[in-house]
Amino acid sequence: MTHDRPAAAAIPMIQPSRLRAAFAAAGLALLLAGCASTSGGGVAGKPTPPRRGTQVPNVRQPTHTARDPSFQAIPGAEGVIGSNESQLVRMFGEPRLNVWEGDARKLQFTGKACLLDIYLYPSASSKEPRASFIDARRVSDGQDVDRAACIAALRK
């Protein structure tokens with residue numbers, strides 16, 4: 001008794017190169033679909049302004065957390081550490097960045113020689129954030145520089 005098996009020619013074989021091409025095409029289609037805008041006519045990556053009659057979501061306001069931040073002790077930074085935002089703006093001009101994260105704040109001041117990040121935190125005794133930490137780096141390559149020298153270079 002013999003069992004008849006279908007001949008190999010009866011089962012279609014997909015060439016590996018065609019299979020790779022099919023997967024590549026499917027992957028490309030998925031990638032392009034992810035880049036498409038679903039908001040009805042905006043450019044991918046650019047936010048579309050809200051349409052008339054729609055509400056803009058509320059921005060979360062900073063909250064006050066009772067804490068006592070430690071203040072950095074750096075020779076040459078005595079006038080900066082402990083200062084509030086308005087005092088820092090008088091010293092260095094308008095910040096390049098003004099970022100809130102919770103009740104903490106980062107102000108970034110830049111010049112030709114260096115970039116100065118000043119971190120402000122509220123304390124248990126004052127809701128107004130005060131400068132408690134400073135970081136400085138070169139504009140050209142981001143390498144750390146002397147903080148006191150950067151402060152002196154950026155002062156108005």
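Modeller: Contact means heavy atoms within 4.5 Å. Keep that cut-off in mind for R105. The model here is predicted.

Colleague: Which residues is R105 in contact with, leaving aside its neighbours within four places in sequence?

Modeller: The partners are E85, N98, V99, W100, I118, Y119 and L120. Each of them has a heavy atom within 4.5 Å of R105, because that is what contact means.

Colleague: Where is R105 found, and why does R105 count as buried?

Modeller: R105 sits in strand β2. Its relative accessibility is 13%. Buried means under 20%, so R105 qualifies.

Colleague: What makes the link between the side chains of R105 and E85 a polar contact?

Modeller: The distance is 2.6 Å. The limit for a pair of N or O atoms is 3.5 Å, and one must be able to donate a hydrogen and the other to accept it. The R105 and E85 side chains make such a contact. The side chain of R105 makes another polar contact with the side chain of N98, at 2.8 Å. That value is also within 3.5 Å.

Colleague: How far apart are the C-alpha atoms of R105 and P129?

Modeller: They are separated by 7.3 Å. Along the chain, R105 and P129 are 24 residues apart.

Colleague: Why is the pair of D117 and K106 called a salt bridge?

Modeller: A side-chain nitrogen of Lys or Arg must lie within 4 Å of a carboxyl oxygen of Asp or Glu. For K106 and D117 the N to O distance is 3.8 Å, so the pair passes. D117 lies in strand β3, residues 114-121, and K106 in strand β2, residues 104-110. The pair therefore ties together parts that are 11 residues apart in sequence.

Colleague: Are D117 and K106 buried or partly exposed?

Modeller: D117 has 1% relative accessibility and counts as buried. K106 has 22% and counts as partly exposed.

Colleague: How many salt bridges does the structure hold?

Modeller: It holds 5. One of them joins E128 and R130, with the closest N and O atoms 3.8 Å apart. E128 is partly exposed at 37%, and R130 is partly exposed at 26%. Another of them joins D141 and R138, at 2.7 Å. D141 is partly exposed at 43%, as is R138 at 35%. Salt bridges that share partners also join K106, D117 and R137 into one network.

Colleague: How do you know that C114 and C150 form a disulfide?

Modeller: Their sulfur atoms are 2.0 Å apart. The cut-off is 2.5 Å, so the pair meets it. A search of the whole structure finds 1 disulfide. The angle about the S-S bond is 95°, and the link of C114 and C150 is right-handed. C114 lies in strand β3 and C150 in helix α3, residues 147-154, so the pair ties together parts that are 36 residues apart in sequence. Both C114 and C150 are buried.

Colleague: What elements does the chain have, and how do they run from the N terminus on?

Modeller: There are 3 helices and 4 strands. The elements run α-α-β-β-β-β-α.

Colleague: How many of the 156 residues of the chain count as buried?

Modeller: The share is 24%. The chain exposes about 11700 Å², and carbon and sulfur atoms supply 56% of that area. Among contacts with a separation of 6 or more, 49% come from residues 24 or more positions apart.

Colleague: What pLDDT does the chain average?

Modeller: The average is 74 on a scale from 0 to 100. At least 70 is reached by 55% of the residues.

Colleague: Where does pLDDT stay under 50?

Modeller: Over residues 37-44. The model has 6 contacts beyond four places in sequence for that stretch. Where pLDDT is low, the predicted coordinates should not be read in detail.

Technical notes:
Residues are numbered from 1 along each chain as its sequence is written. This is a predicted model: local features need pLDDT of at least 70, side-chain atom pairs count only at pLDDT 80 or more; totals for chains, interfaces and linings use all residues. Side-chain values use heavy atoms; hydrogens and water are left out. Helices (H or I, at least four residues) and strands (E, at least two) are DSSP runs, numbered from the N terminus. Buried means under 20% relative accessible area, exposed over 50%, partly exposed in between (1.4 Å probe, protein chains only). Accessible areas come from the Shrake-Rupley method with a 1.4 Å probe; for residues, only the protein chains shown count as cover. pLDDT is the predictor's confidence in each residue, from 0 to 100.
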